[in-house]
Amino acid sequence: METQKKLIAGPMATISHRAFRNLIERFGGCDEYFTEMINAGSLMANSHFEKFYIDPAPVPEKIVWQLTGHDTEKMVQASEILSALPGLGLDINMGCSAPDIYRFGAGISWMIKPVEETQSMVHQVGQVVRKWNDENPESHKKRFSVKLRLGDDDFTDEKFFSFTDMLVSEGVELLTLHPRTKKEKLVRPPRYHYAEDLKMRYGKDVKIYVNGNVKDKNSYLAACKDCPSVDGIMISRAAVERPWIFRQLAGVSEPVEIDMEELALSYIDDIQLYQPEEFWKTRLQRFFTYYSTNFKFGHYAQSQWINADFSSPNNEDLRNRIHEFFLKCPEEKIKLI
C-alpha cells in the first residue's frame, strides 16, 4: 500500500451486509468492514431477520459490529451477543442523525442526552467487552469503539472534547468521527481538523478514523492533508458507487477490466442468496441508486432500475432492464480501472 492508513468500509443501512462485502472483496477488499446498524431491541427479541444482520461472511476477521438502540439494558444484553461473535470488536453508533433514529433516542441522541445517562451506557457496554476479553485470553482481543459526530448544532469545542474525554475514560479505544453536526448536510464541507485534534489529544492511546466526503484519490489526499495523523479513512457512499475504490486508494497499479453488466447481475445473485426475500427490493434499489452514477446516462439507468418490478420471479424484470441498458449503451459495458 502507498499509505499506512487503514481503509474502512463504513456502515450503511441496507448496504453493509454480506453481499456488499463479497463485492468489495472481488477487488481486493479493505482493512475493516463496519456492519449496518444492529438494533439492540430487535436482536434481543430474536427477530427472524437478525441472523442476516449478524452474518460475518466472507471475512469475519475484518468485521466490526455496529450497535444501535435507545435502551441501556438492551444495549448491554445485545453487546454480550455481539462480543462473542467473530470480528474485530463492537462499535456504538452515536453518529446517525436520521430523524427516525434520532427521535427513537438512538444514534446521535446519545450525544445530546444527559451525559450521565450516556456515560452509564458506555460504561456498562465497555464492561461487557472487557469481560469477554478477560475470559478469552487466547482469542483475538475485541476492540471497543464509538462512531460519532460533532454533536448538536449548538456544539462547542469544550462540549465536544469533554464528551470524547468521557468516552476515552470509559475505555473506548477507537473514535470514528464524521465531522459535521446533527443537521449539517453532505454539502457542508466536513471539518477534518477535528479528527486531527482528537489524534493530537489522545496520541497512541486511542485510534482515530475519519469519515466524510472521500470519494476518489484527490479527495482522499485532501483528507489526509487536513488530518495527517489519523489512523484510518472510512468510505461509505463512494464504495457503493465504485466498489473498486479501495483497490485504487491502496495504490494497486495493475489495470483490471470490469464487466459492469456482469457485476450488476452477480450482485443481484448474492442479494438473493444472502438476504431474505422481504429485503430484496430495498437493498437492490439502494445499491443501484448509487451504482447507476457510473454511467453517462446514469439518470436514465437509475430510473429504469429502481422502478423495476421487484415482485417478478428471480428479479427477472430488473435483470432484463439492466441487459437492455447495456444493449443500448454498449460503450458503458466494460470499464478499465
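This report walks through the overall build of a predicted protein model and then a few of its residues.

## Ground rules

Because the model is predicted, local features need pLDDT of at least 70 and side-chain atom pairs count only at pLDDT 80 or more, while totals for chains, interfaces and linings use all residues. Residues are numbered from 1 along each chain as its sequence is written, and side-chain values use heavy atoms, with hydrogens and water left out.

## Overall build

Let's start with the whole chain. The protein chain holds 16 helices and 11 strands; these are DSSP runs numbered from the N terminus, with helices being H or I of at least four residues and strands E of at least two. Its radius of gyration is 20 Å, close to the 20 Å that the globule rule gives for 337 residues, so the chain is as compact as a globular protein of that length. Here the radius is taken over C-alpha atoms, and the rule is 2.2 Å times the number of residues to the power 0.38. Along the principal axes, the C-alpha atoms fill a box of roughly 60 × 45 × 45 Å.

Contacts are heavy atoms within 4.5 Å. Among contacts between residues at least 6 apart in sequence, 72% join residues at least 24 apart.

## Surface and charge

Buried residues account for 55% of the 337 residues. The term buried means under 20% relative accessible area, exposed means over 50%, and partly exposed covers what is in between (1.4 Å probe, protein chains only). The protein chain exposes about 15100 Å², with carbon and sulfur atoms supplying 51% of it; areas come from the Shrake-Rupley method with a 1.4 Å probe, and for residues only the protein chains shown count as cover.

As for charge, there are 43 positive and 49 negative side chains, and the centres of the two sets lie 3 Å apart. Lys and Arg count as positive and Asp and Glu as negative, without His and the chain ends; each charge is placed at NZ of Lys, CZ of Arg, CG of Asp or CD of Glu.

## Cysteines

A search of the whole structure finds zero disulfides, a disulfide being a pair of cysteine sulfur atoms within 2.5 Å. For C224, the nearest cysteine sulfur is that of C227, 6.8 Å away. C224 is buried at 13% relative accessible area, and C329 is buried at 7%.

## Two buried strand residues

L148 belongs to strand β6 (residues 143-148) and is buried, at 0% relative accessibility. Leaving aside residues up to four places away in sequence, L148 touches a set of residues including M94, M111, F160, F163, L167 and H178. K182 is 34 residues from L148 along the chain, and their C-alpha atoms are separated by 9.9 Å.

Y209 sits in strand β8 (residues 207-211) and is buried, with a relative accessible area of 2%. The C-alpha atoms of Y209 and S229, 20 residues apart along the chain, are separated by 9.7 Å.

## Backbone details worth a look

Most residues other than glycine have a negative phi, and most peptide bonds are trans. The peptide bond from A57 to P58 is cis, with omega near 0°, and P58 is in the loop between α3 (50-53) and β4 (63-68).

T14 has a positive phi of about 70°; this residue is in the loop between β1 (6-9) and α1 (18-25) and is buried at 16% relative accessible area. N314 has a phi near 60° and is in the loop between α15 (298-306) and α16 (316-328), where N314 counts as partly exposed at 39% relative accessibility.
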